[in-house]
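Dear colleague,

I am handing over the structure we spoke about, with the sequence alongside. Please have a look at it first; my notes on what was found follow below.

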Amino acid sequence: KATDQACALCQAERQQSLFCGGKQEVLHRLLLPPWQRVLWKHQPYHDNHTDATFLDELITNANFSEYDFWRIVRDSVAVSQHCAATVVFLAMFCLTNYRGVRLRWMLVMDLLLGAAGCGAMLSIACYRRWSESGVPTLTAFLVQEAKKVTIVSTLSALSTYVRICFLFLTAIYTLSPILRTLTQTISHDTVAAMTICFLSLHLFSHDYKFVNGRDKPFGGSVSLNASMFVSVLLTSRSASNLHVALIMCCAVQIFALAPRVFRQIRLTSETASCICALVFFALALILLQTLNSLLAFLFATVIFGITFVAPLTFMYIQRFKNHINGPWDEAVPTNRHDKMGR
């Protein structure tokens, strides 16, 4: 009989029991039948048993795609461009409300933004029709299209656009007294804090994929509502109803209409999209320089970080990506008889 001080196999002392126990375990494993990956068969193995071939199916970074730095920079232009457009809106409000800039300059800004947007959309439509027509030169295509245009069709289109603009501006100017007094009882500190919070929400929830041409429907409803709420908050600090109307027109153009124009420009030409972003960045920088030089420097630093530093950081982080796939992944059920069942 084996005692507490001896091994059960060789009656040796406890110092040799570990070695003999290892022999017994090896012998027991050799006598076991081979493990099979089936559920219906009873096998003398634990439920969490893994055989020697368990890691043979290990796959590391199966769906990894190498990113190009300049490709990421071009995609980040949409973020920088929208940040610059938001800064233009805020700077115009501050200049006209706190720095004594006359409202006619904001009216000029609204007219320039509207004319630039309409001109961009018309140019893109003309360019696409020229690309599909097969006409060798753009000049010949314009001459060919000009012959088809009649005075009646031109006047009809102009009257439609003028009527829409008139109704929109009339509605905004009519509602401006209500908008100016809607949040007038809220303190300045609360308005400033809510403006910062909701503008941050607007920037973080904006649909940048839509601007880059990847998502067809616009998915930035939360972002749009946040920006319109900020516009309503700021109108309560306006001095006149005309100022309220101009602020709301600028907000609609920048936050609601500009992303669709940016999308069409990006789908047509990436070079034109970069030029448009540079124009907005220069405009925002000039307006901020008028307000405060430190704000202009901080804005330029943030835009540089978004456009160049963030892509470099993303490229560096990609080196440490280690996504593994193997037999432990959840099985994807497939039915080969789907078509037969239908």
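Read from the N terminus, the elements of the protein follow the order α-β-α-α-α-α-α-α-α-α-α-α-β-α, which amounts to 12 helices and 2 strands. Please keep in mind that this is a predicted model.

Among the contacts with a separation of 6 or more, 72% are between residues 24 or more positions apart.

The element I would look at next is helix α3, which covers residues 103-133 and, with its 31 residues, reaches 45 Å from the first C-alpha to the last, close to the 45 Å expected at 1.5 Å a residue. Its buried residues are M106, M109, D110, L113, G117, A120, I124 and W130, and what covers them includes α2 (69-98), α4 (138-148), α9 (241-268) and α10 (270-291). Just after α3 comes G134, which takes a positive phi of about 85°.

On the surface, L55, L58, I324 and W328 form a nonpolar patch, whose accessible area is about 360 Å² together. One of these residues, I324, lies in strand β2, which consists of residues 324-325. Is I324 buried, exposed or partly exposed? With a relative accessible area of 39%, I324 counts as partly exposed, because that class lies between the cut-offs of under 20% for buried and over 50% for exposed.

How values were computed
Residues numbered from 1 in each chain as written. Predicted model: local features only at pLDDT ≥ 70, side-chain atom pairs only at ≥ 80, totals over all residues. Heavy atoms only, no water. Patch = residues over 30% accessible without salt bridge, like charges linked within 9 Å, V, L, I, M, F, W, Y side chains within 5 Å. Areas by Shrake-Rupley, 256 points an atom, 1.4 Å probe, with all protein chains shown as cover. Salt bridge = Lys/Arg side-chain N within 4 Å of Asp/Glu carboxyl O. Helix = DSSP H or I, 4+ residues; strand = E, 2+ residues; numbered from the N terminus. Buried < 20%, exposed > 50% of the residue type's maximum accessible area, 1.4 Å probe, protein only. Contact = heavy atoms within 4.5 Å. Expected span 1.5 Å × (residues − 1).
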